[in-house]
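Please look at the structure shown below, and keep it in view while reading the report that follows.

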Amino acid sequence: MNFENCHQCSGKYIDGLVDKYAVTKDPKDLANAKRIVDATIEVWETVTKTHIYGKGWMPKPYAGMNEISEMYESSVDQYADITLGLEKYYHELATPEERVVLAEMFLSFADWWIDHNYTTGYEGMTVWWDRVHTLAQAYFLYLFELAYSLAPRKKYRDAFDYIFSLGGDKLVSREGAY
């Protein structure tokens with residue numbers, strides 16, 4: 001887990017392994033999914049303990065785990081794919097103990113984006129992800145609904161409504177996705 005798109009690729013890999021296990025019931029597929037989930041949890045826990053950006057920050061781990069506290073770049077696509085893969089694992093394969101940790105991770109992602117005004121550094125610049133493009137807006141709508149489903153807090157509903165006000169009606173209606 002030491003390249004730019006590792007969270008993106010890991011999320012897609014988890015997603016595929018969950019589907020594969022549903023068909024094959026091969027313990028190797030379950031073990032591989034669990035290995036990626038455990039590695040992602042390790043990154044998240046290490047960042048929580050060592051990075052100035054704190055809990056919920058998922059940087060691109062260019063230099064690997066030993067230097068994760070020095071990584072200051074991420075992007076919405078990285079969060080989107082790992083969240084989607086982990087949520088699928090959460091619903092279909094996670095143990096009760098894993099579900100507790102993953103729920104905490106999902107909430108920390110939502111909290112981090114809200115607390116940091118939907119911004120990250122990217123290639124030396126500040127990116128206002130809430131205003132950049134529909135991928136970011138779509139992810140935030142999904143993330144805040146996920147967070148609200150786990151912990152129905154007003155801040156998640158308010159965050160959803162804020163993102164929706166920026167053009168979410170082009171992505172989704174209150175009744176569902178187009």
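## Charges over rings

In this predicted model, the charged end of Arg157 is placed over the ring of Phe160, at 5.7 Å from the centre of that ring.

## Aromatic pairs

When the whole structure is searched, 16 aromatic pairs are found. One of them joins Tyr79 and Trp113, whose ring centres are 5.1 Å apart and whose planes stand at 70°, so the pair is classed as edge-to-face, given that planes over 60 degrees apart are counted in that way. Because Tyr79 belongs to helix H3 (residues 76–92) and Trp113 to helix H4 (residues 96–115), this pair ties together parts that are 34 residues apart in sequence.

Trp113 also pairs with Trp112: the centres of these two rings are 5.3 Å apart and their planes are at 85°, so this pair is edge-to-face as well. Are the residues of these pairs buried or exposed? Tyr79 has a relative accessibility of 1% and therefore counts as buried, Trp113 counts as buried at 0%, and Trp112 counts as buried at 3%, since the cut-off for a buried residue is a relative accessible area under 20%.

## How helices H2 and H3 pack

A pair of packed helices is described by the angle between their axes and by the distance between those axes. For helix H2 (residues 27–50) and helix H3, the packing angle is about 125° and the axes are 11 Å apart.

The crossing of H2 and H3 is left-handed. Which residues make the contact between H2 and H3? On the side of H2 they are Ala33, Lys34, Val37 and Thr40, while H3 contributes Ile82, Leu86 and Tyr89.

## A buried serine in the loop

Between H2 and H3 there is a loop, and Ser75 lies in it. With a relative accessible area of 4%, Ser75 is buried. If its neighbours within four places in sequence are left aside, Ser75 is in contact with Lys60 and Trp129.

Definitions and conventions. Residues numbered from 1 in each chain as written. Predicted model: local features only at pLDDT ≥ 70, side-chain atom pairs only at ≥ 80, totals over all residues. Heavy atoms only, no water. Phe/Tyr/Trp six-rings, centres within 6.5 Å; stacked < 30°, edge-to-face > 60°. Helix = DSSP H or I, 4+ residues; strand = E, 2+ residues; numbered from the N terminus. Buried < 20%, exposed > 50% of the residue type's maximum accessible area, 1.4 Å probe, protein only. Lys NZ or Arg CZ within 6 Å of the ring centre and 35° of its normal. Axes fitted to C-alpha atoms, helices over the stretch in contact; angles between N-to-C directions. Left-handed = near helix turned anticlockwise from the far one by under 90°. Contact = heavy atoms within 4.5 Å.
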